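Hi everyone, thanks for making time for this one. Have a look at the sequence and the structure on the screen, and I'll walk you through a few places I like.

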Amino acid sequence: PSRVDEPKVTFVVADAARSATLELSDVPEPEELDDAGGRVVRGPTPAPRAHGEVARGAQERLTERASTQGLVTQFDAADFDSNFTYTGGYYVIPPDANGAAGVDHVVDAVNSLVEFYTKAGTRTFITSLKSFFASLNPLTLTFDPKVVYDPYANRFVLVCIERTDTALGDAANTSRIFVGVSDDGDPNGTWYVTQIDAVTNVAGANRWIDYPGVAV
């Protein structure tokens with residue numbers, strides 16, 4: 001279970017007739033060395049395992065889209081004015097822009113807002129990060145967003161953070177990570193959200209998390 005199927009790898013040397021081919025698989029097979037051709041031969045690669053089917057399906061759809069729609073496109077997303085609008089009159093500099101592309105949709109997040117697009121560039125949703133995580137009762141504007149597409153489960157994952165500080169006049173020292181996960185590859189559907197208490201005491205002083213990352 002801890003091994004990973006790897007693709008076939010071919011090493012080409014100056015003499016093409018003596019190129020070496022390696023096939024890596026989960027199940028070691030007896031090797032045969034063909035001295036004449038300089039080729040190492042292994043047994044057949046095992047069939048794909050069931051737990052990889054979801055990821056494989058999403059990746060195949062991504063590959064199909066890329067082959068039919070092209071690998072490069074562009075469209076306008078949130079700008080400086082929408083930054084101002086969704087923070088209630090503040091310009092957040094820098095924007096800390098972040099985005100992820102799924103099979104059919106793109107999720108874009110900056111310090112002030114999150115928005116969804118189709119891959120054709122049609123925006124289908126926009127709101128402030130604070131409103132997006134409203135059910136968790138954010139105390140301030142949230143910031144430092146990161147978003148990734150999870151091809152293994154066909155879903156988007158969005159994180160951002162919040163802090164309050166008594167040195168800035170707040171009632172308490174708090175630090176929270178907000179996490180949102182879509183139920184599938186269409187971000188316009190259901191999202192599940194939760195929070196993580198991120199306050200850490202260092203040498204008697206409360207510290208807060210900064211610029212988190214997320215990966216699958």
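Let me begin with a question: in which strand is Thr164 found? It sits in strand E10, which covers residues 155-164. Before we go further, please keep in mind that this is a predicted model.

So, is Thr164 buried or exposed? With a relative accessible area of 9%, Thr164 counts as buried, because the cut-off for that word is under 20%. Its side chain has polar partners, too. One of its polar atoms lies 2.7 Å from the backbone oxygen of Ala172, and a polar contact of 2.5 Å links the side chains of Thr164 and Thr174. Leaving out residues up to four places away in sequence, Thr164 touches Leu139, Thr140, Asp170, Ala172, Asn173 and Thr174.

Thr140 brings us to the second largest pocket. Thr140 is among the residues nearest the centre of that pocket, along with Tyr90, Val92, Leu141 and Phe143. The lining has 15 residues in total: 8 are nonpolar, 5 polar and 2 charged. The space inside is about 320 Å³.

Now for some backbone geometry. Most residues other than glycine have a negative phi, and most peptide bonds are trans. Which residues are joined by a cis peptide bond? They are Ile93 and Pro94, with omega at about -5 degrees. Pro94 lies in the loop between helix H2 (80-85) and strand E5 (98-101).

Asp144 is not a glycine, yet its phi is positive, at about 55 degrees. You'll find Asp144 in strand E9, residues 143-150, and it is buried, with a relative accessible area of 5%. Tyr211 also has a positive phi, near 50 degrees. Tyr211 comes in the segment after strand E14 (205-207) and is partly exposed, at 43% relative accessible area.

Let's zoom out. The protein has 3 helices and 14 strands, and buried residues make up 33% of its 216 residues. Of the contacts with a separation of 6 or more, 43% are between residues 24 or more positions apart.

Finally, a word on confidence. The mean pLDDT is 80, and 71% of the residues reach 70 or more. Over residues 15-35, though, pLDDT is below 50, and the model gives this stretch 47 contacts beyond near neighbours in sequence. Residues 39-43 also stay under 50.

How values were computed:
Residues are numbered from 1 along each chain as its sequence is written. Side-chain values use heavy atoms; hydrogens and water are left out. pLDDT is the predictor's confidence in each residue, from 0 to 100. Contact means heavy atoms within 4.5 Å. On a 1 Å grid over the protein atoms alone, a cavity is a set of points where a 1.4 Å probe fits but cannot get out, and a pocket is an open set with protein on both sides within 12 Å along at least five of seven lines; lining residues have an atom within 4 Å of a point. Grid points are joined across faces, edges and corners, and a volume is the space filled by probe spheres set on the points. Ala, Val, Leu, Ile, Met, Phe, Trp, Tyr, Cys and Pro count as nonpolar, Asp, Glu, Lys and Arg as charged, and the others, Gly among them, as polar. Helices (H or I, at least four residues) and strands (E, at least two) are DSSP runs, numbered from the N terminus. Buried means under 20% relative accessible area, exposed over 50%, partly exposed in between (1.4 Å probe, protein chains only). A polar contact is a pair of N or O atoms within 3.5 Å; within protein, one must be able to donate a hydrogen and the other to accept it, and residues adjacent in sequence count only if both atoms are side-chain atoms.
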